[in-house]
Amino acid sequence: MDAKDLHHGHSEHHTGAVITDHVHYQDTEGVIRFEADHGHHDGDRNKKNFIHTYIFSTDHKMIGKQFLITGIIWAIIGGALSNIFRMQLGFPDVPLHFIGTVFGDKWAPGGKMTPDFYNMLITMHGTILVFFVLTAGLSGTFANLLIPLQIGARDMASPVLNMLSYWFFFLAGAVMFTSFFLPSGAAGVSWVFYPPLSAIREAAVGSEAGADFWLISMALFIVSSLLGGLNYITTILNLRTKGMSMSKLPLTIWAILITAILGLLSFPVLLGAAILLIFDRSMGTSFYLDKIYMSGIGAMPHEGGNPILYQHLFWFLGHPEVYIVILPAFGLVSEVLAVNSRKPIFGYRAMILSMLAIAALAFFVWAHHMFVTGLNPFVGSVFVFLTLLIAIPSAIKVFNWITTIWRANIRYTPAMMFSVGFISLFISGGLTGIFLGNSSIDIQLHDTYFIVAHFHIVMGVAAFFGMFAGVYHWFPKMYGRFMNRTIGFIHFWVTFVGSYCIFWPMHYQGMAGVPRRYYSHGAFESFNKFGALSEFITIAAIVVFLVQLLFVFNFLYSMYRGKKVTELNPWKSNTIEWTTPIHPGHGNWDGPLPEVFRGPYDYGKDGEDFIPQTVPMRPGETTHHG
Amino acid sequence: MTTYLVIAALLLIGMLVVQISKANEYINTLRGDDAELDTDRINGILWLIFTVLFLVGIVWSTWYYLPLFLPESASEHGHWIDTMFNITLILTGIVFVLTQIALGYFAWKYHGKKGKLGFYYPENNKLEMIWTIVPAIALTILVVVGLYYWFRITGPASADARVVEIVGKQFNWLVRYPGPDGKLGTSNWKLIDETNAVGIDFNDKTGIDDIMPTELHFEVNKPYLLKIGARDVIHDVGLPHFRIHMDAMPGLPTHFKFTPTITTDEMKKKTDNPNFDYEMCCDYICGKGHSAMKMMVYVDTKEQYQAWLKKQPSFFETAIKGTDAEKKIVASVTEKVSTEKGSDHSNH
């Protein structure tokens, strides 16, 4: 492989620098006190200070944990919001007095939520889950935790930027959280935030101050995402240890690298869209507005704008965004599958190429969200073609994963369960994308429950499964303890079966034409036939949510009381994060950085269960990749 | 009170699960490798059971909910969309069943066994080529057929298509039919007020006979061209029985052509439901009244349609004539004539 040679020389050059760096670290043990006296050098003295260890930490492992725990908190909030609006859809007559207690009585007079509150819930549910949980919580956690550990680096290229990335995310979250308690509530114009609804304050309660907070929060979030992404890319390209050529990188790192590139190229566009929207909202510009007459205001002065412009800008981020969510899950699942199948991942190079293909295509499919906006039919046809092309690399991935477990010797850990479950979900949700990507079918299914079912299965639940697989698998590396496996299996089966119970029936509603984002389907003869089904979905959603609380309990409990890790490499894994001490300090390896000689997936090779990357190639040993 | 009881019960169940799980972990730790192998075996069996129940459940539930799906398409192009849907369903259905069975079967068959190694099988270019090319062919078929229908659906309307205007506003639909002259008058958003809801420009004589009914009527088997717009925010014309979705946006007119093929009465018989009616809904979130934007839709025979149309007075006659609004319009016309300039803000 050409790329290999190219990058090999490259990495060797840089690992030289890293090794020097390591000497510096070795030295710091003795030099710490000296430096601390001067008080202007950042080294391992951080260990001594609570604030520097746990809050303003520059250790990538701690930042990873910060992202994870913040992500978990947001996931609980976002999940709880979905349970509340599912109550409105499944059991509209049950009074929910706690809404008044928490958010204020005007949102739920007599315990009955208002349509405005419902819109606020669906908006915040989408925003929180897509951005705060599945982008920051997923990428932030595993990029930070795994990049230095799996490529053999002491830390990220810029630890301070990395810390800032977390704190911008935290700030974004704080702004978003505050908006819930504004007199006009949080944003309530759906997470895609289309103007004019989002551009005119008078158009909806959810378009008042809450929308300003939403836009500010997103701007902060984008800063966080860019700082993180730059750092991930730089670190992966420059700080690989000796021998770790690009073709020897674990798929987790490949996935994170591609994700970071996608984010870096697409998030700025959302920032642009958000800034123009802020102008339209607050400064009287007309980027997205034209010929509007609002009841209660009259004809508005805006002229010459275009509401579709926003949609193009939004989906130019928005579509890559779904791959930003799912690609890290691809990586985590591939790694966990190989380790627990005791088999190499099938088609390592095809896995990388398919991710690259998906990432490249991700930038040329955005308008498939806009087939019914009156888009020029020819433009639409180009987007149909490009959209359905993505099914090919996706199919390759699915077949390769299935082949990976073929003739395996599967060790079922909770991580492995979630990985196999991920494949099932990705198949189910991916295939419905073939319906929606074909514009003629989309005319019928657009904005119905069919699309809700599709993206929740393929990117919502599936990405969560990747995240769970990652958490269960790398928990021992994070905390030096195991999570309880029995609770893990219960968590898996209830979540897996429950998620299908929630989202599978939504296809049926979609095929009946039931529109999404409806507060109530009661007004329509055609849509109100699904009462029993809605109740079923709501109950399934609540059960699945409660089981996530069991997971959170398991997470927190195992952190302090879980079974202790007693061996360096509990999963008998090949990747080098398992050569660090059980409780790695800042700098990760006590001694010199490990040198890498082979790819990460030599499982079951030449009669050996596993051959770690640090084991030199034997004379005459053949290699399939790298 | 019940709330607290439910919470207490849930906590109790949670504690029970946790305690049993903890005990189970201790036992497994003591049993060592045997417990590991048992776990692998049990989970393998569960995968098999799940896969069987999943596939059976899908077939059963689809059959069970089939009567609740939309009836046969009531428009010509709707049949094309349904055909496309069915072709896709068959192709993806085959892939779905095969892959889910393979996954469940392998997950059971290859659960961990003592002293066994995984089969070292890192790649096979031929195999990967096959599952690149086969999906590529299948997708090519879907794209070609899909786009054939797409261009037919979005192509230009026939010259004899009757024009109906649909305008979305918070939170109801406004519709406008041309009067006997067969032409919709021009409209201008600046002329919109409480009375003149879509801003018909009465300087344009063709607008005087336009009618604005409160429900939609179509004559069966006649081509229609829906001209779609919105006053305030984005709405979306949803006519599920006719397989139509089209955004309604301020400042950016859209259109959709279609031919209704089944009258309301026929559909009542077909669905065996005397209460059946076509409905138009809003499919894009537009604010607090989003889920209430309903308008009734009727597909009539030629006679029914003519009879209905005859009963509809012009909008000018019912809403404008003899009111202050008329004086305003007359004044503006006079002003326009006197300045002889009147720029045309027509909103086509």
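In chain A, the axes of helix 13 (residues 414–436) and helix 16 (residues 485–511) come within 9 Å and cross at roughly 10°, where axes are lines fitted to C-alpha atoms, for helices over the stretch in contact, and angles run from 0 to 180 degrees between N-to-C directions. Helix 13 of chain A is therefore roughly parallel to helix 16 of chain A (angles under 35 degrees count as roughly parallel, over 145 as roughly antiparallel, 65 to 115 as roughly perpendicular and the rest as oblique). The model is predicted, and local features need pLDDT of at least 70, side-chain atom pairs count only at pLDDT 80 or more, and totals for chains, interfaces and linings use all residues. Residues are numbered from 1 along each chain as its sequence is written, while chains are lettered from A and ligands numbered from 1 in the order in which they are written. Helices (H or I, at least four residues) and strands (E, at least two) are DSSP runs, numbered from the N terminus.

Helix 13 of chain A contributes Pro414(A), Met417(A), Phe418(A), Gly421(A) and Thr432(A), which meet Arg485(A), Gly488(A), Phe489(A), His491(A), Phe492(A), Phe496(A) and His507(A) of helix 16 of chain A; residues are in contact if their C-beta atoms, placed from the backbone, lie within 7 Å. This contact has six nonpolar, five polar and one charged residues (Ala, Val, Leu, Ile, Met, Phe, Trp, Tyr, Cys and Pro count as nonpolar, Asp, Glu, Lys and Arg as charged, and the others, Gly among them, as polar).

In chain B, helix 3 (residues 76–109) and helix 4 (residues 125–154) pack at an angle of about 170°, with their axes 10 Å apart, and the two helices are therefore roughly antiparallel to each other. Among the residues making the contact are Trp80(B) and Met84(B) of helix 3 and Leu142(B) and Tyr149(B) of helix 4, and the contact residues divide into ten nonpolar, three polar and one charged.

Chain B also holds an open sheet of five strands in the order 3-9-8-5-6, with mixed pairing (two strands pair if DSSP finds at least two bridges between them). Its edge strands are strand 3 and strand 6 (244–248) of chain B. Strand 3 of chain B pairs with strand 9 (residues 295–300) of chain B in the parallel sense over four bridges, with Phe218(B) opposite Val299(B), whereas strand 8 (residues 278–282) of chain B runs antiparallel to strand 9 of chain B, joined by three bridges.

Conventions:
Two residues are in contact if their C-beta atoms, placed from the backbone, lie within 7 Å.
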